[in-house]
Amino acid sequence: MPVSLARWPAAHPRFAGVERLAAAVGQGRDLEVVFDRHLSSHLIVALDAGAPVGLLRFVVQHIGPDDDLPAVRLGGAPLTEAKVLAFGVLEGARRRGGTALQTEAIAWATELGCHQLRSHSDGDRTANHQLKLRMGFAVHPELRGEDREGAYFVMPLRGDAEALEGASRRRRGA
Ligand SMILES: CC(C)(COP(=O)(O)OP(=O)(O)OC[C@H]1O[C@@H](n2cnc3c(N)ncnc32)[C@H](O)[C@@H]1OP(=O)(O)O)[C@@H](O)C(=O)NCCC(=O)NCCS
């Protein structure tokens, strides 16, 4: 059965269940970490028969300061991104929840006016890398310490998909 998705405030009465879930999928530290650069924090929970089985937390921040760089601006205004800090699905619910959570994050970040959705994944996270590539994320490999296979995954959110599709159809004469 497919999971259902819900947007939960951090003050949700069942938040303790998400904390336990985050710990079980190795995402406990990143569920609640807060930095001054975060403008807001957002949590999506995957539910199976009402029980939390997956989570995705992203923060909204300006693009740049995360890497101690000045904010990237468009026409003078600083651009924002949704950065995914915590993402995981319980073993029993895998091959069902991950793509759905990412798709909902893309929708929510688009509603929030973010320019992109971005995350970093260590090289040993094979399932996560495959999922992101399958979804069409751009990939930017990055050396981190001994990890030679880690990468940033970036989904642009401001492209006008319909216009691009129309232009492509016209080019193909369809
Ligand atoms: C990454 C994770 C959230 C994926 O959850 P999921 O529910 O299995 O994801 P999906 O069902 O949407 O999988 C989508 C695709 O990802 C790929 N994939 C998923 N698990 C995979 C695995 N173990 N090996 C290879 N590819 C895998 C497949 O291409 C899959 O498509 P398919 O089922 O049609 O073959 C889950 O494996 C997880 O919680 N891992 C531990 C925590 C983690 O690594 N989090 C990443 C942040 S650092």
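Trainee: Which residues does Leu55 touch, not counting residues up to four places away in sequence?

Mentor: This is a predicted model, remember. In it, Leu55 touches Val18, Leu21, Ala22, Leu43, Ile44, Val45, Ala86 and Gly88.

Trainee: And what is the largest nonpolar core like? How many residues has it got?

Mentor: That core has 28 residues. Leu55 is among those with the most contacts inside it. The others named with Leu55 are Leu56, Phe58, Val84, Ala86, Ala105 and Leu117.

Trainee: Which elements give two or more residues to this core?

Mentor: Helices H1 (15-24) and H3 do. So do strands E2 (40-48), E3 (51-62), E6 and E9 (151-156).

Trainee: Which one gives the most?

Mentor: E6, with 6 residues.

Trainee: Let's look at H3. Which of its residues are buried?

Mentor: Gly98, Leu101, Gln102, Ala105 and Ala109.

Trainee: Where do they sit around the axis of H3?

Mentor: On the same side of H3, because they cover an arc of only 95° around the axis.

Trainee: What do those buried residues pack against?

Mentor: Strands E1 (4-8), E2, E3, E6 and E7 (116-121), plus H4.

Trainee: What span should H3 have, at 1.5 Å a residue?

Mentor: H3 has 14 residues, so it should span 20 Å. Its end C-alpha atoms are 20 Å apart, which agrees.

Trainee: What follows H3?

Mentor: Gly113 does. Its phi is positive, near 80°.

Trainee: New topic: the ligand. How many residues surround it, and which are the closest?

Mentor: There are 19 residues around the ligand. The closest are Arg94, Gly98, Thr99, Ala127 and Leu131.

Trainee: How does the shell divide into nonpolar, polar and charged?

Mentor: It has 5 nonpolar, 9 polar and 5 charged residues.

Trainee: Last one, Ile63. Where is it found?

Mentor: In the loop between E3 and strand E4 (73-74).

Trainee: Does it count as buried or exposed?

Mentor: Buried, because Ile63 has 21 C-beta neighbours inside 10 Å. The cut-off for buried is 20 or more.

Trainee: What does Ile63 touch, leaving out residues up to four places away in sequence?

Mentor: Ala71, Val72, Leu79, Thr80, Glu81 and His115. Ile63 and Arg73 are 10 residues apart along the chain. Their C-alpha atoms are separated by 8.5 Å.

Technical notes: Residues are numbered from 1 along each chain as its sequence is written. This is a predicted model: local features need pLDDT of at least 70, side-chain atom pairs count only at pLDDT 80 or more; totals for chains, interfaces and linings use all residues. A residue is near a molecule or strand if its C-beta atom, placed from the backbone, lies within 6 Å of it. Ala, Val, Leu, Ile, Met, Phe, Trp, Tyr, Cys and Pro count as nonpolar, Asp, Glu, Lys and Arg as charged, and the others, Gly among them, as polar. A nonpolar core is a set of buried Ala, Val, Leu, Ile, Met, Phe, Trp, Tyr and Cys residues joined through C-beta atoms within 7 Å. A residue is buried if 20 or more other C-beta atoms lie within 10 Å of its own, exposed if 12 or fewer, and partly exposed in between; C-beta atoms are placed from the backbone. Helices (H or I, at least four residues) and strands (E, at least two) are DSSP runs, numbered from the N terminus. Two residues are in contact if their C-beta atoms, placed from the backbone, lie within 7 Å. The expected span of a helix is 1.5 Å times one less than its number of residues. The arc is that of the directions from the helix axis to the C-beta atoms.
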